Amino acid sequence: MTIVHEERTDTGAGIPENRITVTVNGKRSVVECEPRLLLSHLLRQGLRLTGTHMGCDTTNCGACTVLVDGRPAKSCTMLAVQADGREVTTVEGLATASELHPLQEGFKEEHGLQCGFCTSGMMMAAKALLDENPDPTEEEVRWALSGNLCRCTGYQNIVKSVLWAAKKLRSE
Amino acid sequence: MSQALDENKIGGLGASRKRVEDNRFIRGRGNYVDDIVLPGMLHMEILRSPMAHARIKSIDTSRAWQVPGVRLVLTGEMAATRNLAWMPTLSYDTQAVLATDKVRFQGQEVACVVADDPYIAKDACDLIDVEYEPLPVIVNPRQAVAEGAPIIRDDKENQPDNVIYNWEVGDKAGTDRAFAEADTISKLRLHYPRSHPSPIECCGSIADFDRATGKLTVYMTSQAPHIIRAAVAMVAELPEHMIRIVSPDIGGGFGNKVPVYPGYVCSILCSILLETPVKWIEDKTGNLISTGFARDMYLDSEMALRADGKILGVRIHADADHGAFFSDAQPSKFKIGLLHSAFACYDIPAGHLTARGTYSNKAPGGVAYRCSFRVTEAMFFQERMVHAAANDLGMDAAEFRRKNFVRDDQFPYRTAFGFLVDSGQPQKCLEVGLKAVGYEDFLRQKEEAKSRGRLLGIGISTMTEPLGAGNSREYDILGIKMFDSAELRVHMSGKAILRTGAKSQGQGHETTWAQIVSHELGIPADDVTVEEGDTDTAPFGMGTYASRSTPVAGAAVSMVSRKIRAKARKLAAHLLEVSEEDIEWELGRFYVRSAPDRGVSIQECAMAAYSNMPDGMEPGLENNAYYDPPNLTWPFAVYIVTVEVDPETGVWDVLNMVAVDDCGVRINPMVVEGQIMGGLTEAYAMANMQFITFDAEGNCVGSNYMDYLLPTAWETPGFELHSEVVTPSPHHPIGAKGVGECAAVGGPAAFVNAVMDAIGDTGVRNIDMPLLPDRVWEAIKYRRDISGAPPVRTDD
């Protein structure tokens with residue numbers, strides 16, 4: 001493959017490029033990026049994983065939530081270079097080729113989404129919860145999702161979706 | 001032989017069908033505007049004004065041009081050479097695209113940069129030097145009309161002051177007579193605060209001008225792509241067939257994505273200048289401080305009452321703060337939207353409403369935020385006024401409503417302001433709600449709690465609202481009539497594709513429109529693909545806002561399906577070798593009246609349309625329908641909230657919330673309930689915490705999600721929904737009514753009335769929303785009304 005770079009007469013910006021290795025959804029990639037590149041931009045633009053959405057840029061809305069080494073992280077306020085050597089899971093890593101994750105099923109079953117924009121982040125935050133606590137109470141679900149905003153659904157069905165998934169996971 | 005179908009099994013009307021759009025969203029495979037990448041695409045960022053009102057003395061872009069990777073730095077002066085420094089608004093005003101003379105609100109667009117990546121574009125924006133000369137700032141209508149106030153719109157000829165319009169409706173003389181006869185006159189003033197719809201996805205666009213074909217394609221976050229096409233044709237002076245607007249998946253709209261924003265226009269102009277695709281994705285602060293605000297209305301009213309509790313008349317005055325440009329997307333005839341739908345569920349003989357719109361140094365506002373053009377302000381004020389009037393009379397709030405509701409036998413009922421409310425069962429809905437909440441019990445608990453120093457309160461809000469503009473006689477935007485459309489193409493296998501002029505932003509049209517087709521034709525909903533949002537393929541329509549999709553586009557889906565059925569009937573007659581008059585229809589099947597076993601399915605008819613049509617019949621099975629509704633639809637709703645207020649802190653907790661929505665026939669009950677819960681949450685947000693305002697210098701307070709608090713799963717209370725009352729719309733083809741906004745419209749007053757009831761003994765008449773703890777505490781402590789009007793207080 002050939003990569004063609006346009007010649008620039010002035011490279012005055014002088015921003016150093018960092019070389020990092022990051023594993024996303026089980027696939028290792030070597031990335032060259034500016035140190036200021038946000039993890040969310042690396043995922044969305046660099047790796048074309050557009051299921052991780054960006055809503056607020058200030059770590060409030062949680063639409064960009066992914067798992068980093070299994071812990072939920074808001075990828076809009078994490079630098080890509082901070083993910084060096086770590087494992088990132090995005091919504092695209094939830095389902096296998098043939099099967100949906102119970103959270104994905106639960107959100108559809110319980111009408112836990114409308115516009116779909118917050119959904120990836122909600123499911124990733126919920127996954128982090130269920131990985132630690134397979135049998136959460138409604139209150140624990142609400143607390144675990146309190147870093148994620150939704151404007152359409154009013155949360156009641158989102159909470160039900162997560163409880164639906166928890167039940168299914170326990171029965172598997 | 002074919003059999004009649006079970007409608008629920010094929011996903012027809014009334015089925016809680018799981019949503020088809022979910023299949024991509026749960027996989028992260030939605031296609032939002034920021035997900036789209038075009039070859040050679042560049043990125044645009046906007047430089048915004050830090051000042052609310054200032055003359056621009058100079059703009060120096062030379063340093064920005066020096067940044068490697070910058071392709072264009074665009075200023076208003078350059079846009080003016082293309083006649084694009086200003087653009088028309090949807091309310092016959094003009095709005096600056098990029099400021100040339102002055103900036104008129106904080107966050108106004110001053111320049112933009114196009115670069116190879118968005119980081120470079122942002123860097124370059126920081127290097128644009130703008131010299132401002134500050135001017136006095138106006139942040140409310142009182143300042144706007146004060147003597148000696150600076151003229152904000154000095155760009156306009158014949159604009160000697162800051163008044164945009166004066167408007168009135170109703171019968172002044174008759175209302176004066178009603179007040180002369182009154183035993184009691186009840187008064188209330190309040191401010192419905194500015195609010196931002198704030199979908200989680202911000203606005204954005206990708207403009208792609210192709211010099212070779214002359215065609216402009218714009219992917220953008222628009223709830224109304226056809227209106228945008230008309231506007232772009234006007235502004236960019238391109239012919240309509242050379243403009244294609246595509247709204248891909250939209251991450252929530254709530255009215256915020258109806259207007260035409262400068263960012264869209266800039267991306268178009270930059271693409272034309274650079275002949276390459278240009279993407280603009282707004283950041284959250286840009287969205288919150290510059291795009292369509294809602295509300296910001298000062299309401300002052302009085303109600304004439306007879307001693308027995310009968311309302312004789314109402315007078316309403318509204319002062320609406322529209323910000324720097326009058327850019328509401330609303331029907332042309334009604335300057336202040338449908339504010340005069342206030343009190344439509346009450347039998348009130350006389351009413352008079354006056355309204356004045358003014359400019360201020362705030363972002364353009366007045367969009368219909370989950371609301372049918374100012375109906376939220378109308379219903380909030382109505383229910384706060386009703387609460388106050390019942391108190392003044394010493395009457396029970398439920399009893400006062402019962403006494404004044406339009407009775408079932410009065411429908412269709414003409415209101416004092418001219419609306420024809422065609423249906424409803426107010427009394428029945430109220431009784432369902434009162435029973436569900438345990439009204440009498442709660443009143444006893446409240447008294448008992450009071451004796452122990454605890455403050456419990458109950459708030460009721462009841463309302464009907466006009467949803468589904470048009471009809472075309474009264475409703476147009478820029479002269480374009482507010483009808484809507486559907487086009488249905490049935491393939492030879494009996495599968496189908498449906499396109500409408502609406503545009504879903506989470507409402508689930510891909511699921512529910514197919515259910516209407518299924519209901520009309522017996523084609524399983526899973527066999528119907530629904531597409532919206534591409535002006536090159538969708539029939540012309542006015543888009544989705546103001547709860548108009550189901551009342552207008554949904555009706556068009558019914559009507560086009562019936563046209564298809566009419567043709568299928570001819571095909572069936574041909575296949576069955578009988579005359580058309582001898583044929584009967586049952587879901588999914590035509591049969592011979594005298595021999596019901598002899599029948600053909602709709603799928604067999606579809607195949608015949610392509611393979612075995614009678615002589616002389618035009619082949620194919622497709623059609624379209626443009627639907628102009630005879631009236632609005634009138635859903636009725638009751639919301640009842642119980643709260644406990646902590647007198648020491650002013651914090652209030654919701655104990656219970658009951659919602660009774662009579663929205664006529666429900667196409668998909670699951671989706672309808674989802675809409676209601678979403679609306680209730682926004683109602684709670686407005687009443688409790690969602691606070692955006694301005695200081696005396698016009699700085700926007702609440703310009704990001706750290707300050708503009710939206711409730712999370714943690715704060716949001718649970719809701720109990722009731723659907724047992726169903727009054728079909730008398731004119732909608734399937735009896736459906738709009739519903740998506742009812743809860744956001746009627747809900748806020750229930751919360752506020754509950755808190756006011758809890759602190760009733762203080763004699764406080766009003767606390768402006770949001771009912772922040774400090775406001776409630778101050779009201780209790782000092783026994784005074786609390787205004788939330790800007791400029792925001794700065795406590796030293």
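User: How many residues does the contact take from chain B, and how many from chain A?
Analyst: This is a predicted model, in which local features need pLDDT of at least 70 and side-chain atom pairs count only at pLDDT 80 or more, while totals for chains, interfaces and linings use all residues. Residues are numbered from 1 along each chain as its sequence is written, and chains are lettered from A and ligands numbered from 1 in the order in which they are written. Two residues are in contact if their C-beta atoms, placed from the backbone, lie within 7 Å. Counted in this way, the contact takes from chain B 44 residues and from chain A 47 residues.

User: Which element gives the most to the side of chain B that touches chain A?
Analyst: Helices (DSSP runs of H or I, at least four residues) and strands (runs of E, at least two) are numbered from the N terminus. On the side of chain B that touches chain A, the elements that give two or more residues are helix 1 (22–25) and helix 17 (669–688) of chain B. The one that gives the most, with six residues, is helix 17 of chain B.

User: What is the bridge partner of B:Lys187 in strand 15 of chain B?
Analyst: Strand 10 and strand 15 (residues 294–305) of chain B pair in the antiparallel sense, over 11 bridges. Within strand 15 of chain B, the residue that partners B:Lys187 is B:Glu302.

User: Which residues does B:Cys266 touch, not counting residues up to four places away in sequence?
Analyst: B:Cys266 is among the residues that touch the most other members of the largest nonpolar core, which has 318 residues. Such a core is a set of buried Ala, Val, Leu, Ile, Met, Phe, Trp, Tyr and Cys residues joined through C-beta atoms within 7 Å, where buried means that 20 or more other C-beta atoms lie within 10 Å of a residue's own. With that sequence limit, B:Cys266 touches B:Met44, B:Ile46, B:Leu74, B:Val97, B:Leu98, B:Cys112 and B:Trp280.

User: What share of the residues in chain A is buried?
Analyst: The secondary structure of chain A comes to five helices and five strands. Of the 172 residues in chain A, the buried share is 53%.

Terms used. Two strands pair if DSSP finds at least two bridges between them. A residue is buried if 20 or more other C-beta atoms lie within 10 Å of its own, exposed if 12 or fewer, and partly exposed in between; C-beta atoms are placed from the backbone.
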